[in-house]
Amino acid sequence: MAKVSLISLGCPKNLVDSEGALGEVTRAGHELITDSSLADVIIINTCGFIESARAESVEAVGQAVKLKKSGTCKAVIAIGCLAQRFAAEMAEAAPEVDAFLGIGHAGLLAETIESALGGKTTVGGLELPTKWDEHGPRVQSTPPWTSYLKIADGCDNRCAYCAIPDIRGRFRSRPKEYIIDEAKRLADAGVKEIVLIGQDLTQYGEDLGMSNALVGLLVRLNDIEGLRWIRPMYCYPAKVTPELIDIIATGERIVKYIDLPLQHGDNDVLNAMHRKGNVEQYEQVISDLRAKRPEIAIRSTFIVGFPGETPAAFHNLLGFVRRIKLDRVGVFTYSIEEGTPAAKLKNRVSAKTAEVRLDKLMRLQQGISLERNKAFIGKNLEALIESTTDGVAIGRTYRDAPEIDGIVQIKDCAAKPGAFVNVKITGADEYDLVGVTQ
Ligand code: SF4
C-alpha cells in the first residue's frame with residue numbers, strides 16, 4: 001500500500017481522466033494524498049496541447065523528479081497527453097521518471113505503480129483507442145455539488161492548427177447508458193450541476209452512425225431527478241442544429257448557456273483553419289439561439305495571429321465580435337503545433353502583431369461584456385453558492401461555467417456552499433456581478 005498523489009494539468013477532459021486514475025489507484029488499495037512532498041508515488045497527468053501547457057507539464061514532472069532525488073518519493077509516473085505525444089523524448093530527457101503512460105493509461109495504473117515501486121520502468125498505453133473504453137468509478141475532485149461528465153473522447157474535425165486528433169485519437173462516443181447511469185449516480189450523490197464535456201459534443205454519436213444524438217442524450221439527462229443544471233460545453237458552431245437549439249431552449253434542467261468555439265470572424269481565415277461553416281452561418285446560429293431564449297449566455301474562443309490573417313481579416317474579426325455581442329470570450333494567439341497542416345503555412349504573423357491583436361480584441365470584448373453584465377442590474381438571478389466568507393458568498397449564475405467564467409458576489413448571504421439562492425443584482429463589472437439575496 002503506497003501513499004499516492006496526483007497532479008492534474010490541462011483541461012476538464014484531462015481532469016476527468018485524473019479522477020478515473022484516482023478511482024483506479026484507490027481500488028488497488030493505495031492511499032490518496034494531496035501533498036506530493038509526502039507521497040511514495042507521484043502521478044502527473046500531463047497536458048500536451050500547446051507550448052505553454054507543455055512547459056507547465058515538464059515543470060511539474062521536474063518538480064516530482066526533484067522529490068524523488070531528495071528521497072521523499074519512490075516513484076514518478078507521467079500520464080496523459082504530453083506522455084502520449086513525447087514518451088520517448090521524455091524518457092530520454094528524464095530517465096528518473098519510472099513510467100510514461102499515454103492517454104490509454106486507464107486500467108494500467110495499478111500494475112505500473114507495482115512495477116515502479118519494484119524499480120522497473122514502463123512506457124505504455126500509447127496505442128490510441130478506436131472505441132470508447134469504459135472504466136470503473138472515478139474519485140470526484142470537483143466540489144460535491146458540481147461535476148464534469150465526459151460523453152466522448154478524441155476528435156475527427158481536424159482543424160488545421162490542432163494536434164488533439166493526433167494526441168487523443170479518433171472521435172469515440174461513450175455509450176449513452178453509461179452516461180445516463182453515471183449522471184444518475186452523481187445526482188444521487190448530491191451533484192446539482194453536470195458540465196458535459198468532450199472535444200466536440202456535437203459530434204456525439206456520429207461514430208456510432210447516429211445523427212443529432214446529442215439531442216437524444218440531453219432529453220434523457222433532462223429527466224434525471226435531483227439535477228438542477230446541465231451545462232453543454234464545446235459545441236461546434238457549424239453542427240448546432242435546430243433540434244439542439246430546441247432542447248437547450250426548452251429543457252428545464254438544461255442551463256440557457258452554450259459554449260460555441262467560433263475561432264475567427266473572417267471566412268478566408270476560417271477556411272485556412274479548416275473550420276466548417278462560415279461567418280454568416282455562425283451569426284444565424286447565434287440569432288436562432290437568441291430567438292428561442294433571448295437570455296441565453298454564449299461563450300466562445302478566438303485565435304488571433306493565424307498564418308495569413310491580414311489586417312483586413314483581423315478587422316473583419318473585430319467587426320464580427322462587435323456584431324454578435326457574446327457574454328464570455330477567451331482569446332488565444334496562434335501556437336505552431338508540430339505535425340499540423342497549419343505548421344506548414346508560410347505567411348506567418350509575428351508574435352508581436354498577434355499580441356497587439358489579442359489585446360485589441362480583448363479590450364473590445366471587455367466593453368461588450370460590461371454592457372451585457374450591466375443589463376442584469378435590478379434583475380433577479382439564481383446563483384449556485386461556491387463559498388461563503390464573513391457573510392459574503394461567491395456564487396455562479398447560469399451564465400458562469402466553473403473555473404472559466406465570472407462569479408456573482410452576494411452580500412449578507414449565509415447560504416451554504418452547494419445551495420441555490422435568488423439574488424437581486426445590484427452591480428456589475430466586465431467579468432462579475434454583485435448582488436444581495438432576495
Ligand atoms: S474541434 Fe478542432 S480544435 Fe477542437 S479538438 Fe477537434 S480538431 Fe481540435
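These legends go with several close-up views of a predicted model.

**Figure 1. The residues gathered around the ligand.**
The residues around the ligand include Cys155, Cys159 and Cys162, together with Asn157, Arg158 and Tyr161. Ile164, Pro165, Gln199 and Arg275 also belong to the residues around the ligand. By class, this shell holds six nonpolar, two polar and two charged residues.

**Figure 2. Helix H10 packed against helix H11.**
Two packed helices are described by the angle between their axes and the distance between the axes. Here helix H10 covers residues 279-292 and helix H11 covers residues 311-324; their axes lie 11 Å apart, at an angle of about 10°. H10 is therefore roughly parallel to H11. The crossing in which H10 passes H11 is right-handed. On the H10 side, the contact is made by Val279, Tyr282, Glu283, Ile286 and Arg290, and on the H11 side by Phe320, Arg323 and Ile324. The contact of H10 with H11 has five nonpolar and three charged residues, with no polar ones.

**Figure 3. Helix H11 packed against helix H12.**
Let us stay with H11 and turn to its contact with H12. The axes of these two helices come within 10 Å of each other and cross at roughly 15°. H11 and H12 are therefore roughly parallel to each other. Their crossing is right-handed. From H11, the contact is made by Pro311, Phe314, Leu317, Leu318, Val321 and Arg322. H12 brings Arg357, Lys360, Leu361, Leu364, Gln365 and Ile368 to the contact. Sorted by class, the contact of H11 with H12 has eight nonpolar, one polar and three charged residues.

Arg357 sits in helix H12, which spans residues 351-374. Is Arg357 buried or exposed? Its relative accessible area is 9%, so Arg357 is buried. Not counting residues up to four places away in sequence, Arg357 touches Pro311 and Phe314 as well as Val304, Glu309, Thr310 and Val349. Both Pro311 and Phe314 are among the H11 residues that make the contact with H12.

Lys325 lies in the loop between H11 and strand S14 (328-333). Most residues other than glycine have a negative phi. Phi of Lys325, though, is positive, near 45°. With a relative accessible area of 29%, Lys325 is partly exposed.

Helix H7 (residues 213-221) and helix H8 (residues 242-250) have axes 9 Å apart, packed at an angle of about 15°. H7 and H8 are therefore roughly parallel to each other. They cross in a left-handed sense. Leu214, Val215, Leu218 and Val219 of H7 make the contact with Glu243, Leu244 and Ile247 of H8. That contact of H7 with H8 has six nonpolar residues, no polar ones and one charged residue. Asn212 is in the loop between strand S10 (193-197) and H7. Its phi is near 55°, a positive value in a residue other than glycine. Asn212 is partly exposed, at 33% relative accessibility.

Lys176 is part of helix H6, which runs over residues 176-188. At 24% relative accessibility, Lys176 counts as partly exposed. Which residues is Lys176 in contact with, leaving aside its neighbours within four places in sequence? They are Tyr204, Gly216, Leu217 and Arg220. The C-alpha atom of Lys176 is 9.0 Å from that of Gly205, a residue 29 places away along the chain.

Leu67 counts as partly exposed, with 23% relative accessibility. Leaving aside neighbours within four places in sequence, Leu67 is in contact with Ser36, Ser37 and Ile42, and also with Thr72 and Cys73. Leu67 and Leu38 are 29 residues apart in sequence, and their C-alpha atoms are 9.3 Å apart in space.

Notes. Residues are numbered from 1 along each chain as its sequence is written. This is a predicted model: local features need pLDDT of at least 70, side-chain atom pairs count only at pLDDT 80 or more; totals for chains, interfaces and linings use all residues. Side-chain values use heavy atoms; hydrogens and water are left out. A residue is near a molecule or strand if one of its heavy atoms lies within 4 Å of it. Ala, Val, Leu, Ile, Met, Phe, Trp, Tyr, Cys and Pro count as nonpolar, Asp, Glu, Lys and Arg as charged, and the others, Gly among them, as polar. Axes are lines fitted to C-alpha atoms, for helices over the stretch in contact, and angles run from 0 to 180 degrees between N-to-C directions. Helices (H or I, at least four residues) and strands (E, at least two) are DSSP runs, numbered from the N terminus. Angles under 35 degrees count as roughly parallel, over 145 as roughly antiparallel, 65 to 115 as roughly perpendicular and the rest as oblique. A crossing is left-handed if the near helix is turned anticlockwise from the far one by less than a right angle, and right-handed if clockwise. Contact means heavy atoms within 4.5 Å. Buried means under 20% relative accessible area, exposed over 50%, partly exposed in between (1.4 Å probe, protein chains only).
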